Amino acid sequence: MSTLAHADEALIHPDSKRRYNRDLFREVAPRYDLITRLLSFGRDSAWKRWMLRELPGRNPTAILDVACGTGDITRALHARYPDAQVVGLDLTPEMLDLARGLAPEGIEFLEADMNHTGRPDAGQDLITGGYALRNAPDISGALIEFHRMLRPGGQLALLDFSVPRNPLLRRVHYSLLLFWGGLWGLLLHGDPRVYAYIARSLAHFPDRESLHATLQENHLPVRSHKRFMLGMIEVLICERVGAALRDGQQ
């Protein structure tokens, strides 16, 4: 992929990041589930189970799983809430093709950008995202969109990397991810830049304290959270509060 050579520049601007993500995940789609297990030392499914256990006990009627990839969280949501309308949304057609092939009847999959979903206002009881927010073309815009779609009291559940504020620790995390992702990119694709993208994307992702504050500012305060893998991964369970937001309004 020639675009991999320009990852650092591509991740700065929303439009170029959107194009880069579509190209990247088209490339990795056939191996996405495998590489997620490898990069997480097999712990990815346990983190997602913890996230699902933290979801509200009351039964939601409308659920949206953004950046759903091959649909593992989407399928788990359908199994937990069989009477709910469950929709998986992703930017990459190749990911959605795999998700549809693995999903039981009753799950809908849509191709869309999480910043511009086209979903109705206040139409969702629950929104989930596994490694989603970090890949949003514009993080603030995505949070405004999530708030717009959630009903008052609705829940937002996010699983993603967690960036420490301490510069030294941040550098250690970055170096470890760059090495580990680069190794598997080389072994599986013959190009270390493929999964080194994960580390590079964190250069533009807020540290964990700033992320919690940004969620609060966007009326999506964190109600519970838990970190995994020496603090490199975090699950956030947030609740939609406040009046509707619009672009540029907080």
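Reply: The account below takes the charged pairs, then the nonpolar cores, then a surface patch.

The model is predicted, so local features need pLDDT of at least 70 and side-chain atom pairs count only at pLDDT 80 or more, while totals for chains, interfaces and linings use all residues. Residues are numbered from 1 along each chain as its sequence is written, and side-chain values use heavy atoms, with hydrogens and water left out.

Side chains of opposite charge can pair when their charged atoms come close. The structure holds 15 salt bridges (a side-chain nitrogen of Lys or Arg within 4 Å of a carboxyl oxygen of Asp or Glu). One of them joins Arg151 to Asp125, with the closest N and O atoms 2.8 Å apart. This pair links distant parts of the chain, 26 residues apart: Arg151 is in strand β5 (residues 150-161) and Asp125 in strand β4 (residues 124-130). Strands (E, at least two residues) and helices (H or I, at least four) are DSSP runs, numbered from the N terminus. Arg151 has a relative accessible area of 29% and is therefore partly exposed; buried means under 20%, exposed over 50%, and partly exposed in between (1.4 Å probe, protein chains only).

Arg223 forms a salt bridge with Glu239, the closest N and O atoms being 3.1 Å apart. Since Arg223 lies in strand β6 (residues 222-228) and Glu239 in strand β7 (residues 233-239), the pair ties together parts that are 16 residues apart in sequence. Glu239 is partly exposed, at 23% relative accessibility. A further salt bridge connects Arg227 and Glu234, whose closest N and O atoms are 3.5 Å apart. Here Arg227 is partly exposed at 37%, whereas Glu234 is buried at 4%. Elsewhere, salt bridges that share partners join Asp15, Arg18 and Asp113 into one network.

The largest nonpolar core has 66 residues, and Leu77, Leu133, Phe146 and Leu156 have the most contacts inside it. Such a core is a set of buried Ala, Val, Leu, Ile, Met, Phe, Trp, Tyr and Cys residues joined through side-chain atoms within 4.5 Å. Leaving aside neighbours within four places in sequence, Leu156 is in contact (heavy atoms within 4.5 Å) with residues including Ile127, Phe146, Leu215 and Ile237. A second, separate core of six residues includes Cys68, Leu96, Ala99 and Phe109.

At the surface, Leu168 lies in helix α8 (residues 167-189) and is exposed, with a relative accessible area of 63%. Leu168, Leu169, Val172 and Leu176 make a nonpolar surface patch of about 370 Å². Patches are made of residues with over 30% relative accessible area and no salt bridge, with like charges joined within 9 Å and nonpolar side chains (Val, Leu, Ile, Met, Phe, Trp, Tyr) within 5 Å. Accessible areas come from the Shrake-Rupley method with a 1.4 Å probe; for residues, only the protein chains shown count as cover.
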